[in-house]
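Biologist: I am new to this structure, and I would like to learn how to read a few of its features. Could we go through them slowly together?

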Amino acid sequence: MTVTWDDGNLPKLPKLGPMGWLRVLLRSLPLLIVLIVALIIHGIVRLLESVIVGPSRPVSAGIVQWVCVAALRIFGLSLRLHGDVMTAPGAVVANHSSWLDIFVLNARKRIFFVAKSEVRGWPGIGWLARAAGTVFIKRDRKEARAQVDLFRQRLGHGHRLLFFPEGTSTDNQRVLPFKTTLFAPFFDESLRNIAHIQAVSVIYHAPDGQDQRVYGWWGDMSFGGHLLSVLGARGSGSVDVGCHPPHKISEYADRKVLAADLERCVRQGFEDYQKG
């Protein structure tokens, strides 16, 4: 069972005045157009891909990446990338602050998120997740072998996976301890000698004069309310994405040591970029 982080200090989302609602309108219309057009094109391309190259997604993944870049511009978020994006086979791990992380991390590299199987059935979000090639897994020890086979299959098609080891989103002011469960499949003999994992630090900066937690989405905050607050926000924010050197799985004795090293990298980058 996933426990949602909550420090008991949820901010009140700002009330939208006339100008705020105007910004919502001016941002939501192009966002809807981008999503609708992209989903139609993506569906056609994916159909052709499935016939010609199977699960590889050489073109459709680029469409998802383009949508994420466009969405960030519409949201008024400028992205600053630090470090080199990993080219080796394997996975990416990052701290988790918001649903916006999906757009931010997809904009920097063609990746495929690892999500719990329940997300597949969520209204709207589940459909978008399926279209984007999300890897759905059951958090059950009995499914360990199936997870290894699924990860190996996706890596074999050149996919780089991404998951959030904290297991929950926060207020964009901290990094929580990493859980080690999803690191286990990479220590299977079929993966440990070929796979790498790259740590990525993500830190949002609010528009001038606004609460630095404005982009964080946690606790029992509603998605709709938070989306409106982002669309109606005055001014523009930014996000730093720091890519740390990849870690070779074969150099680690077990998943706990690997997770601890990756957590230290993410935490250090988070603290550095938080200072600006």
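Modeller: Let us start with Asn172, which is found in the loop between strands β5 (161-163) and β6 (196-205); helices (H or I, at least four residues) and strands (E, at least two) are DSSP runs, numbered from the N terminus. The model is a predicted one, in which local features need pLDDT of at least 70, side-chain atom pairs count only at pLDDT 80 or more, and totals for chains, interfaces and linings use all residues. Residues are numbered from 1 along each chain as its sequence is written, and side-chain values use heavy atoms, with hydrogens and water left out.

Biologist: Is Asn172 buried or exposed?

Modeller: Buried means under 20% relative accessible area, exposed over 50%, and partly exposed in between, with a 1.4 Å probe and protein chains only. Asn172 counts as buried because its relative accessibility is 0%, and its phi is near 70 degrees, a positive value in a residue other than glycine.

Biologist: Which value does phi take at Arg57?

Modeller: Phi of Arg57 is near 55 degrees, again positive in a residue other than glycine. Arg57 lies in the loop between α1 and α2 and, at 14% relative accessibility, counts as buried. By contrast, Arg73, whose place is in helix α2, is exposed, with a relative accessible area of 68%.

Biologist: How far apart are the end C-alpha atoms of helix α1?

Modeller: The expected span of a helix is 1.5 Å times one less than its number of residues. For the 35 residues of α1 (residues 18-52) that should be 51 Å, and the end C-alpha atoms are 51 Å apart, which agrees. After α1 comes Gly54, whose phi is positive, near 70 degrees.

Biologist: What do the buried residues of α1 pack against?

Modeller: An α-helix has 3.6 residues a turn, so residues three or four places apart point the same way. In α1 the buried residues include Val24, Arg27, Ser28, Leu31 and Val34, and the buried residues of this helix pack against α2 (60-75), α4 (125-131) and α6 (223-231).

Biologist: What radius of gyration does the protein have as a whole?

Modeller: The radius of gyration is taken over C-alpha atoms, and the globule rule is 2.2 Å times the number of residues to the power 0.38. With 276 residues, a compact globule would have a value near 19 Å, and the protein has 19 Å, which agrees. Buried residues make up 49% of the 276 residues, and the secondary structure comes to seven helices and eight strands.

Note on methods. Contact means heavy atoms within 4.5 Å.
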